[in-house]
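Colleague: Could you take me closely through the strands of this model, one after another, and then through whatever packs around them? I would like the cut-offs stated as you go.

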Amino acid sequence: EEAVLWILRLPDMTKIGTIAAERMMLGLEKQLQHKFGNNQQQLSSKIRTNITGYLRNMTQDELNNVNPEWKLFISDLTDRGVGPWGLWYMKTELAAILGWKRIHYITRTTQDGHHMDSWATQSKQNSQVASDFGSFAGVPINFTEHLGNSCASVQRSTYGVRDDINDAIVNYMRHNFPSAFEWTSDNVTNSLAISPTVANLSRPMDIRTFWNATVCESRANRCNFRNYIADEVASLPSKHPSIKVDTDVIGFIHNAGRKFVSPDYIQALLTTKIIVLAQRDKWEGHLRLMEGLLSGALVLHDPQVYWPYGIVDGVNIVVYHSMFDLEEKILYYLDPANEQERIMIGQRGREIALSENRFWHNKERLLLNGEKKYVNDYGVSYEPWKGHGNP
């Protein structure tokens, strides 16, 4: 995944329409596309030079005529983030030309020190050394020193619900449970409306991970923690014979899994009581979280520094903090006495995914909330989107 800087325009920018602004926002995009075509790697390696070079080619009058209220969003959605050079670039290059007040940095990488591979290594060597995930799960990055000189805000982005996965679940329900809901043309409303039915489906498989060590053989340095969790879950029936566990990889993986939807994967999601997820070794956030929540199953997940909007432990997800904690919570939620609690957490997980974590929800929160954003102690802005007409 390449770190690419994109310039985004707000919808109302075109209403003002100065020539200078069109050159800066539209002309730059056309210039880069003409020069580099669809070669993303070449584009990503040259784009910084061309952004600043293009702006420097504008006359001072043209720069002065650019509406100072217009914003420049630099969006980095890669796993590890652009790192210090991105912030340095904004301060020394862009801010010097445009001023820091119009620059806003969007990133998924708002945490550091996520070293779950180290936890897995220490746990294999001595189970008492790293029994709890603790600080291995990471700490927030402090962006406060960059506000007011590099950019006006640092805004946190997260993965949203994949529309194709959501559509596949709705189609599965229409085909297999046609009486569960009254179908209309409003797919968004119906997706949310059928959440109680989805959560209450008969689910013969107790636990699935949708992961095992065969997935990541060529990139084992990224998957030690996930592999460890999958192996531990696979071993549960040896201690608890009544538990049904499946760690098979179902459906497509790697790039195919991001582009296509497997019917087998959808069926497996909807026939599982508990989905156990684990993140990559060195960064947090993945599409698998929203896919698990969409299924209406109870999602058990390792800790994150920052969760997607509205995700709350014990309300719509359950977080495990050690292997002992994971096993204890699995046994608790598989107990028939706690079945309704498990179902309700799964239902609320699906509802928060659909009501607040579609891709457009995230973009609206990032781009259209104005300047009065909530900024935490680390300089990260993430104010809930209130909706049009509800500031």
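Modeller: From strand β1 (residues 72–76), Leu-72, Ile-74 and Asp-76 point one way while Phe-73 and Ser-75 point the other way, and all of them are buried. This is a predicted model, in which local features need pLDDT of at least 70 and side-chain atom pairs count only at pLDDT 80 or more, whereas totals for chains, interfaces and linings use all residues. Residues are numbered from 1 along each chain as its sequence is written, and side-chain values use heavy atoms, with hydrogens and water left out. Buried here means under 20% relative accessible area, exposed means over 50% and partly exposed lies in between, with a 1.4 Å probe and protein chains only. Strands (E, at least two residues) and helices (H or I, at least four) are DSSP runs numbered from the N terminus. Because five of the five residues of β1 are buried, this strand is largely enclosed by the rest of the structure. Five bridges join β1 to strand β2 (residues 103–107), and the two run parallel; two strands count as paired if DSSP finds at least two bridges between them. The bridge partner of Ser-75 in β2 is Ile-106.

Next comes an open sheet of five strands, whose order is β7-β6-β8-β9-β10 and whose pairing is parallel. Its edge strands are β7 (245–246) and β10, each of which pairs on one side only. Helix α15 (residues 323–334) packs on this sheet, touching β6, β8, β9 and β10, and its direction makes about 165° with that of β8. Contact means heavy atoms within 4.5 Å, and the angle, on a scale from 0 to 180 degrees, is taken between N-to-C directions of axes that are lines fitted to C-alpha atoms, for helices over the stretch in contact.

Within the sheet, three bridges join β6 to β8 in a parallel arrangement, and Met-205 stands opposite Thr-272 in β8. Strand β8 (residues 272–277) is also joined to β9 by four bridges, again running parallel, with Ile-274 opposite Leu-298 in β9. In strand β9 (residues 298–301), Leu-298 and Leu-300 point one way and Val-299 and His-301 the other way, and all are buried. On to strand β10 (residues 318–319), the pairing with β9 is parallel over two bridges, and Leu-300 stands opposite Val-318. Together β8, helix α14 (residues 287–294) and β9 make a right-handed β-α-β unit; right-handed means that, with the strands pointing away from the viewer, the path from the first strand over the helix to the second runs clockwise.

Rings of Phe, Tyr and Trp (its six-membered ring) pair if their centres lie within 6.5 Å, with planes under 30 degrees apart counted as stacked, over 60 as edge-to-face and the rest as tilted. Phe-133 and Phe-225 are both buried. Phe-210 and Tyr-265 form another edge-to-face pair, at 5.3 Å centre to centre and with 85° between the planes. Phe-210 lies in the loop between β6 and α10 and Tyr-265 in helix α13, so the pair ties together parts that are 55 residues apart in sequence.
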